Amino acid sequence: MTPPNEAAVLEMRTRSAAGGAGRSLKALLAERDRLSTDSYYGLTDLSLKDADPPRYERFYSALRVGLFSAREVSKFVSASPGSREMGELLFGLLTPEGDPIGISQGLAGSLASMPIGVRWMIENDYETNPGIREGDIFSGDDPYTMGAIHPGDCFTYLPIFAQGRLVAWASGMNHIMDVGSMIGGSWPPFSQDTFTDGFVMPLTKTGEHYEYHAWWLQVWKRRTRAAVFNILDEKMRLSGCQMIERKVHEVIAEFGIDYFIAGVREIIEDGRREVKRNVRALAVPGRARNAAFRTAGYTGVGVLFPLADREYLIHVPVESRVDGAAGLGIDTAGASPWGFHSYNGFPGALEGAAYLSAMDGYAHGSKINHGLMQHVRVGAEKGSVLNPDYEHAAASNPWATTVSIISCAISNASRGFLARGYLEECWTGEASWDGVQGSGILPNGQSWGFTNLQFVGGSGMGAFAYKDGLPTAWTNWNHRSDIGNVEEWEYVTPALYYIGRRLVPEYCGHGKFRGGVGHSATYVIRNPGKLALNRGGGTMARGTVIANGMAGGYPAPGVFVKTYHETNMHERMAAGAPFPSSPWEIDEFIASGELEARRATTWKQDTPPIEMKDGDIYTHASGAGGGWGDPLERDPARVQEDLVRGWLGVETAREVYGVVFDGAPGDETVDPEGTAKLRQTIRQRRLQRGVPVKDWWRAERRRVQAGDFIETVRAMHQESMRFARYREEFTGFWALAPDFDYDPEGEQR
Amino acid sequence: MSAEHAGPASVDRPEEVGPRLVARMLEGELSWEEWRQLLKLPRKDPDRVQKYLRALQARTGFADRILMRISDHLYILHTAAGRIVTCDCGHAFGDYRVNWKLAALVYVRDTAPSITEVYRCKDFAPEPGWSEVREYYCPGCATQLCVEVVPPGYPPIFEFLPDLDTFYRDWLGEPLPDAAPTWYADHTARVTASWQD
């Protein structure tokens, strides 16, 4: 077959879709929507690619290099370790309609937000007022109108013009240090509605001629507690966008504007087709399910926020469905309704998480762009926690909810990989996160607020079907992240001094292959002035990160926080005495009398702001990975390795793994015969204590009918049943009347 | 020399993933380098599932045909009684359209002492009342097949319901002899409905 002639292709393409020349963005968006029901822009072939593949790939590579360079260079404009050290940022190149053509490395899930923002500007006629011209800068962070996952994610958009018409957008985003919320930091854990979420801005024209308006920088100064960082982050995003703009101009100079307009659409369609091919190659038609739960302890906030004064257990079921045409749907039907809490998310948050799982599962070898988004259908019922029908619902920390969705969807995908024999791709995808944050006034009078992002930069990986998860190695929302150097954090959080970062013994999901061991960070407070700390983060330890372990492995435990007040730490340090560097060592030092603490707290749900004074200690742990397979099948030699590393105790080795050691503590060796015998004993014990599910069901059903649960659990069931999917599952499984209801007269919220 | 005889670290192309490699994969004998090479294949070997099922058939010794592996130890077999979830010890769990957990043994950890046997530190152990740890065991061999940690009253999660006929007919081009639209359905609630006193 003769490859199509490039000139002929371009003539046809530019005739049928003029790429915005002389037309409004609204008209262009309408045409894009009309034509993009199946393939992108109705493309039936990849003619430019077929005509000259090297030229086409060079075109894409040039744009992608521009995106990578923008990220790697501009982040040094920032002063925040989150951007500079950890890479908590993303750049995207978008079509005039807002569809991502390509993204840099970094917070890849935010590609879902970018088209929402552009679409909102177009639909609200920004082209007329305030106008969209070359050099204009648009900024914002509003989850509802622009799909920001949370207001801590700030976006900058720069329209790119060539030959007098808008041909693309550059977009940059990053996670900032403080969002100006009622509670200091960037993920306020307590917020009743958007008005306590902090500084929430829909997209606003914040500059012209590539320069920010002075008023915009004044807004950062007045409305957030980290003005220096936030302003430099703004400048970082603009710098990156300008680098992308320059690269686009270079590419157009080389390839021509017609090639650019036609080529970017082909790139997107190319990406869509590759994702579809990968689903077909790796998945199995059918459905896979998992679920996650998150607590939100708001009881007691009623003095100020009566609508929010209750406990929540937020239910997030995740169903992945593959159809015969290799379509992939990820939805959360049956999730809890939205509430007066921080953990609601608007569709950008859900989509960001779902697309991240699809990137890991099905986008290898692909050009990651809108094509993935077009192929993977993501859904949440209107009125649910991931799609509130109240536009002013709080959305300050939905990532706490949606990270579990990534893990659920990855484990769902692994069911298909395992069925097809692609064991190398199978893993639990499990990880949680945490972030100490806060605000205060330093002794010199300076007001400040901060977020320490280290735990979103490294989590324990979930176990694979053939190996353990690595500790502190990875986050599925930022494939190029790390936890940042201690010194970097210390100089921007002047009252918090690290006294340890440690992997936490036993802190993983056990299994034939165990999850990555989670880690802790511990700080002593020094000269804080006035300081209150709180935490933003994922699932706390009342529950597990996701509900279901894989193939007999245990799910990963959640996050915990501990504080110690009025200690003698400073005296010990001044005297050169040993001091603890981890949560468990603190408890050991206190038990031995070496460390004094007049008051201590342990949190397995989100902390309110806690005042911290000189000499107090704050410690927290996060990032445990889930296990794969029956722990009794674990190679005893691996159990011994974990024992030697201090990641496992002999009791767990014996009770969970059935491994017996000989030798004195510190010099243990596996007793093979004792291990075989104990494992047989444990199997017998399982047969004795396990009850047929039918018997369990009969007893449990009576409890379910009576609603004999703690109030929060009963409310979770009741509220999730407002949606048909959970009602059908709950009443069907327990053989209850279809209209079964714990509180038929109750209020709907 | 074919990849099958070249020893480890030789899997650069999909066609180099041969039956012996798949068998060694099932035995857990691959080196990390070999796993990495499988991960880095530019394209997956499209006939992996056929090689895999042949290896599994030989490994398990099932007389009935394996239609699909759904977990480390669980398979959907094509038997005279239908499409039956079966453990590799031979214990049959029943129709694959019903959540296999219904035919398992379950042990529920719903007290602090029992939960902390597994989640050893009380600081990160799931809390009774909010969560319970359900361990599902095979009644035949006592293998722990799944653990779920869910709030009390939560229906056991039906992890995976494949659409076998679409897969075999449309994706593999090998329709199953008993293909019928009724095979892709969730029958779990039918079973629990029959359990009422």
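A residue counts as buried here if 20 or more other C-beta atoms lie within 10 Å of its own, with C-beta atoms placed from the backbone. Keep that in mind for the first view; everything shown comes from a predicted model.

View 1. Take β1(A), residues 89–94: 6 of its 6 residues are buried, so the strand is largely enclosed by the rest of the structure. In a regular strand the side chains alternate between the two faces of the sheet. Here A:Leu89, A:Phe91 and A:Leu93 point one way, while A:Leu90, A:Gly92 and A:Leu94 point the other way, and all of them are buried.

**View 2. The partners of β1(A).** Strand β5 of chain A, residues 165–175, pairs with β1(A) in the antiparallel sense through 6 bridges. One spot to look for is A:Leu89, whose bridge partner in β5(A) is A:Asn174. Strand β2 of chain A (residues 100–103) also pairs with β1(A), again antiparallel, over 3 bridges. There, A:Gly102 of β2(A) stands opposite A:Leu93.

**View 3. Helices α9 and α10 of chain A, crossing.** Two packed helices are described by the angle between their axes and the distance between the axes. For α9(A), residues 214–223, and α10(A), residues 227–255, the angle is about 145° and the axes are 8 Å apart. The crossing is right-handed. On the α9(A) side the contact is made by A:Leu217, A:Trp220 and A:Lys221, and on the α10(A) side by A:Ala227, A:Asn230, A:Ile231 and A:Glu234. Sorted by class, that gives 4 nonpolar, 1 polar and 2 charged residues.

**View 4. A five-stranded open sheet in chain A.** Follow the strands across and you get the order β14-β15-β20-β17-β18, with antiparallel pairing. At the edges stand β14 (496–503) and β18 (597–603), each with a single partner strand, so one side of each has no neighbour in the sheet. From one strand to the next the twist averages 15°. Inside the sheet, β17 (residues 560–567) and β20 (residues 617–622) of chain A pair over 5 bridges, and A:Tyr564 stands opposite A:Ile617. Helix α17 of chain A, residues 583–591, packs on the sheet and touches β15, β17, β18 and β20; its direction makes about 135° with that of β20(A).

**View 5. Where chain A meets chain B.** On this contact, 76 residues of chain A touch 69 residues of chain B. Strand β8 of chain A (residues 286–297) brings the largest share of chain A's side, 8 residues. By class, chain A's side splits into 37 nonpolar, 21 polar and 18 charged residues. For the complex, the predictor gives an ipTM of 0.96 and a pTM of 0.95.

View 6. Chain B has 6 helices and 8 strands, and 46% of its 197 residues count as buried. Its pLDDT averages 94, with 95% of the residues scoring at least 70. Over residues 1–8 of chain B, though, pLDDT stays under 50, and the model has 11 contacts beyond four places in sequence for them.

Note on methods:
Residues numbered from 1 in each chain as written. Chains lettered and ligands numbered in written order. Predicted model: local features only at pLDDT ≥ 70, side-chain atom pairs only at ≥ 80, totals over all residues. Helix = DSSP H or I, 4+ residues; strand = E, 2+ residues; numbered from the N terminus. Buried ≥ 20, exposed ≤ 12 C-beta atoms within 10 Å, placed from the backbone. Pairing = 2+ DSSP bridges. Axes fitted to C-alpha atoms, helices over the stretch in contact; angles between N-to-C directions. Contact = placed C-beta atoms within 7 Å. Left-handed = near helix turned anticlockwise from the far one by under 90°. Nonpolar A, V, L, I, M, F, W, Y, C, P; charged D, E, K, R; others polar. pLDDT = per-residue confidence, 0-100.
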